[in-house]
Structures are given as C-alpha cells and as structure tokens.
Amino acid sequence: MKKVFVLLAGLLIAPFLQAAPQFKENVNYEVIRQTNTPKPEVMEFFSYYCPHCYQFEPIMAELKKQLPEDVAFKRTPVAFLGKEMGPELQRAYAVADLLKVEDKVTPVLFNRIQAERNPPQNRADVRALFEQAGVDGKDFDGAIDSFAVTGMVAQYDRNTGSMNIRGVPATVVNGKYLVKTEGIKSTEEYIALVKFLLAKKD
C-alpha cells in the first residue's frame with residue numbers, strides 16, 4: 001500500500017497529462033462484486049487514525065464537488081485502526097452524521113489525531129472534541145449509544161466486510177469497483193477514473 005500513498009501529495013498539484021486516459025481492469029480498478037448498487041454511489045472507506053486519509057481529504061472534497069447530482073457520496077469509517085478507540089471513533093462518526101455536523105466534527109478529529117498527534121483516549125475526550133466543534137454535549141450523550149447509531153455502525157462493518165476492505169483510504173464505486181490509485185498521477189485523473197466507473201454498464 002505504500003506506493004499508493006506516496007502519490008497523495010502529488011495528486012493535489014500534478015497536471016492532468018492525459019486528456020482521455022484509458023482505464024483498465026486490474027490496473028486502475030478491481031471488480032469486487034458482480035452487481036451494482038441500485039443507484040449510483042461513491043463510497044469512501046477511511047479512519048481518523050489513518051494519516052493518508054487525512055492527506056486525502058482535499059482530494060475527496062474536490063471529488064464531491066464534481067460528482068453528478070444523482071450520485072450519492074457516502075463515507076464508511078473502519079474499525080480496524082486505532083485499537084480500542086477505532087470502534088469508538090467509528091461510532092463518533094455515526095453520531096456526527098446523525099446530528100448532521102460531520103462537516104464540523106471531522107476536521108476537528110483529524111486535526112487532533114494527525115496534526116496535533118494527541119488522539120482521544122476515551123469517550124469523554126471524544127465528547128469534548130464534539131463540543132470543540134460546536135456540538136452540545138447533551139446531544140452527543142443522547143446519540144452515542146442510541147439504536148440509530150448502533151445500526152449505522154453495524155452497517156459500516158457490513159460494508160467493510162462485504163467489500164473486503166483491508167486498507168484505507170479506499171474508494172468503491174457503485175458497490176462494484178474498487179479504485180486502484182497506484183498509477184494515478186493527478187486529482188483530475190482520479191476524478192476521471194471515478195466518473196468512468198460510474199458510467200460503466202457491465
């Protein structure tokens with residue numbers, strides 16, 4: 001996976017050298033399931049404990065801007081990084097999503113873990129970070145162990161298992177195609193690959 005992540009910084013600034021790249025199976029993408037999702041979607045698998053996911057944030061932000069209106073963008077936090085706090089921050093993401101504050105909470109969590117190198121050690125620390133992001137602590141308390149959040153976490157785990165995700169960041173298009181970034185030279189080419197996969201009919 002190291003080859004993939006060495007390219008991340010370059011993706012942000014490298015020119016898009018190919019006007020019409022020819023993307024190939026097992027070179028630029030893998031088929032991980034035989035059927036597409038009912039509606040077009042892009043799913044990003046990530047972890048707050050993954051430094052490469054942190055570096056990938058601007059790229060994903062640009063992708064979201066350029067996706068067609070009918071394409072859903074979904075994020076799935078994985079539990080396999082961060083030891084015992086991995087599942088806790090997976091649950092925290094679900095809370096942020098449920099409360100519709102993910103855009104405020106995610107930068108705070110990434111900054112604390114990746115920039116400040118001071119990861120939360122327990123749920124109280126996570127709650128404090130939500131408050132830092134402007135979320136009422138009582139709202140956090142009411143959601144963190146709720147049935148809705150528990151169900152969301154179970155779905156994250158199902159997604160991770162059914163798509164056989166072993167490393168992050170990972171992007172799956174239409175539930176069928178796993179993007180391979182090893183040969184991608186720019187953000188534009190990455191976005192072109194995602195759009196190519198969204199349009200695939202086979």
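Let's start with a word we will need a lot: buried means under 20% relative accessible area, exposed means over 50%, and partly exposed is in between, using a 1.4 Å probe and protein chains only. Glu-131, for example, is partly exposed, with a relative accessible area of 40%.

Hi everyone, now some ground rules. This is a predicted model, where local features need pLDDT of at least 70, side-chain atom pairs count only at pLDDT 80 or more, and totals for chains, interfaces and linings use all residues. Residues are numbered from 1 along each chain as its sequence is written, and side-chain values use heavy atoms, with hydrogens and water left out.

On to salt bridges. We call it a salt bridge when a side-chain nitrogen of Lys or Arg is within 4 Å of a carboxyl oxygen of Asp or Glu. The count comes to ten salt bridges.

Glu-131 takes part in one of them, with Arg-127, at 3.2 Å from N to O. Both residues lie in helix H6, four residues apart, about one turn of the helix. Helices here are DSSP runs of H or I with at least four residues, strands are runs of E with at least two, and the numbering goes from the N terminus. Arg-127 counts as partly exposed because its relative accessibility is 25%.

What do the salt bridges that share partners join into one network? They join Glu-44, Glu-57, Arg-75 and Glu-102. Within that group, Glu-44 and Arg-75 have their closest N and O atoms 2.9 Å apart. This pair links distant parts of the chain, as Glu-44 is in strand S2 (residues 41–46) and Arg-75 is in strand S3, 31 residues apart. Glu-44 and Arg-75 are both buried.

Another bridge joins the side chains of Glu-88 and Arg-123, at 2.6 Å from N to O. Glu-88 lies in helix H4 and Arg-123 in helix H6 (residues 123–132), so this pair ties together parts that are 35 residues apart in sequence. Glu-88 is buried, at 16% relative accessibility, whereas Arg-123 is partly exposed at 30%.

Let's finish with helix H3. The buried residues in H3 include Cys-53, Phe-56 and Leu-63. Cys-53 counts as buried because its relative accessibility is 0%.
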